Amino acid sequence: MIDSNNQLLAVKGRIFDIQKFSVHDGPGIRTIVFLKGCILRCRWCCNPESQSYEPETMLQNGKKKTIGYDATVGEVIGTVVKDMPYYRRSGGGITLSGGECMCQPDFSTALLEVSRDYGLSTAIETTCAVEWATVERFIPLVDTFLMDVKHMDSAKHREYTTVPNELILENAKRLSKLAKRLVVRVPVIPGFNDTPKELHDIAEFAYDTLGVDEMHILPYHRLGYDKYIGLGRSYGMGDVPPPEKPKMEFLRNVCASTGISCYIGG
Ligand code: SF4
């Protein structure tokens, strides 16, 4: 056990941030570990610095900052467990985000396994746009899958994220039968998926096909704008404003009409 743990602690991954005291991405108080690398290129992505696996230089407040560094599981868990009393009191733990943590499966699964050895609750934010054999590795290690289902139409999904949705929907079906807990998340993006029909179709898929009873709809925001500028990239959403509260309430009710419990936010 100690030998195997030592091996797990030495596994290296590439991350770009660790955020403490999150209350949005899984139960209780959590530490979020952000991994580098993603398969999709969503136009609205608020973490563009996560997309490339390679470290990048980003201008932040006029200063150059290198985004992305390599760390071992031991180094990351050493930071995470400092907040153990908060996790114990709140039922919280660790959430892997990104980027896409399934792009670094050896590191992610090792970190999750060690986290479980510490008694932490484990969650991941994922799109599951990877081969099933990779998704399967995460199932015994994850208490809560927060899975994005962004659109039911593959052509539109591809247009806005560069990737079709067939593999994602197929993995969602398989995962729903095996995951300890699966929550479907939908970023509500103006012009992409913000009509009642588009949201209803996703809610119906989640509730009727997947048998999932909880769904989160997350309003588009523009907080990533400065990062695109800092990376020397153009912002893919132009001047599109975020959806207003009454619209989000309306869409929440549309989703809830399928029978699913739908919440605004994480
Ligand atoms: S899946 Fe998430 S991290 Fe990846 S590009 Fe889309 S919004 Fe960004």
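Visitor: What should I know about the numbering and the model before we start?
Guide: Residues are numbered from 1 along each chain, as its sequence is written. The model is predicted, so to speak of local features pLDDT has to be at least 70, side-chain atom pairs count only at pLDDT 80 or more, and totals for chains, interfaces and linings use all residues.

Visitor: Why is Val 184 called buried?
Guide: Buried means that 20 or more other C-beta atoms lie within 10 Å of a residue's own, exposed means 12 or fewer, and partly exposed is in between, with C-beta atoms placed from the backbone. Val 184 has 26 other C-beta atoms within 10 Å, so it counts as buried.

Visitor: Where is Val 184, and what does it touch?
Guide: Val 184 is in strand β9 (helices are DSSP runs of H or I with at least four residues, strands are runs of E with at least two, and both are numbered from the N terminus). Leaving out residues up to four places away in sequence, Val 184 touches Met 147, Val 149, Ala 206, Val 212 and Met 215; contact here means C-beta atoms, placed from the backbone, within 7 Å.

Visitor: What makes a set of residues a nonpolar core?
Guide: A nonpolar core is made of buried Ala, Val, Leu, Ile, Met, Phe, Trp, Tyr and Cys residues joined through C-beta atoms within 7 Å. The largest one here has 67 residues, and those with the most contacts inside it are Leu 111, Phe 145, Ala 203, Ala 206 and Met 215. Beyond its neighbours within four places in sequence, Met 215 is in contact with Val 184, Val 186, Ala 203, Ala 206, Cys 255, Ile 260 and Cys 262.

Visitor: Why is His 200 called partly exposed?
Guide: His 200 has 16 other C-beta atoms within 10 Å, so it falls in the in-between class. His 200 belongs to helix α8 (residues 196-209), and it touches Val 254, Cys 255 and Thr 258, not counting residues up to four places away in sequence.

Visitor: Which residues of α7 are buried, and why do you say they line one face?
Guide: In α7, Ile 168, Asn 171, Ala 172 and Leu 175 are buried. Seen down the axis, they fall within an arc of 110°, so they line one face of the helix; the arc is that of the directions from the helix axis to the C-beta atoms. What covers them includes α5 (132-138), β8 (144-148) and β9 (182-188). The face turned away carries the exposed residues Glu 166, Glu 170, Lys 173 and Lys 177.

Visitor: What about the buried residues of α2?
Guide: In α2 (residues 73-80), Val 73, Val 76, Ile 77 and Val 80 are buried. Their arc is 95°, so they line one face of that helix.

Visitor: What makes Asn 61 and Cys 128 worth a look?
Guide: Most residues other than glycine have a negative phi, and most peptide bonds are trans. Asn 61 has a positive phi of about 50°, and Cys 128 one of about 55°. Asn 61 sits in the loop between β3 (56-60) and β4 (63-67) and is exposed, with 7 other C-beta atoms within 10 Å. Cys 128 is in the loop between β7 (121-126) and α5 and is buried, with 25 such atoms within 10 Å.

Visitor: Where is there a cis peptide bond?
Guide: A cis bond joins Gly 98 and Gly 99, with omega about 5°. Gly 99 lies in the loop between β6 (93-97) and α4 (105-117).

Visitor: Which residues are around the ligand, and how do they divide?
Guide: Among them are Cys 38, Arg 41, Gly 98, Gly 99 and Glu 100, where a residue is near if its C-beta atom, placed from the backbone, lies within 6 Å. The shell divides into four nonpolar, six polar and two charged residues. Ala, Val, Leu, Ile, Met, Phe, Trp, Tyr, Cys and Pro count as nonpolar, Asp, Glu, Lys and Arg as charged, and the others, Gly among them, as polar.

Conventions:
Two residues are in contact if their C-beta atoms, placed from the backbone, lie within 7 Å.
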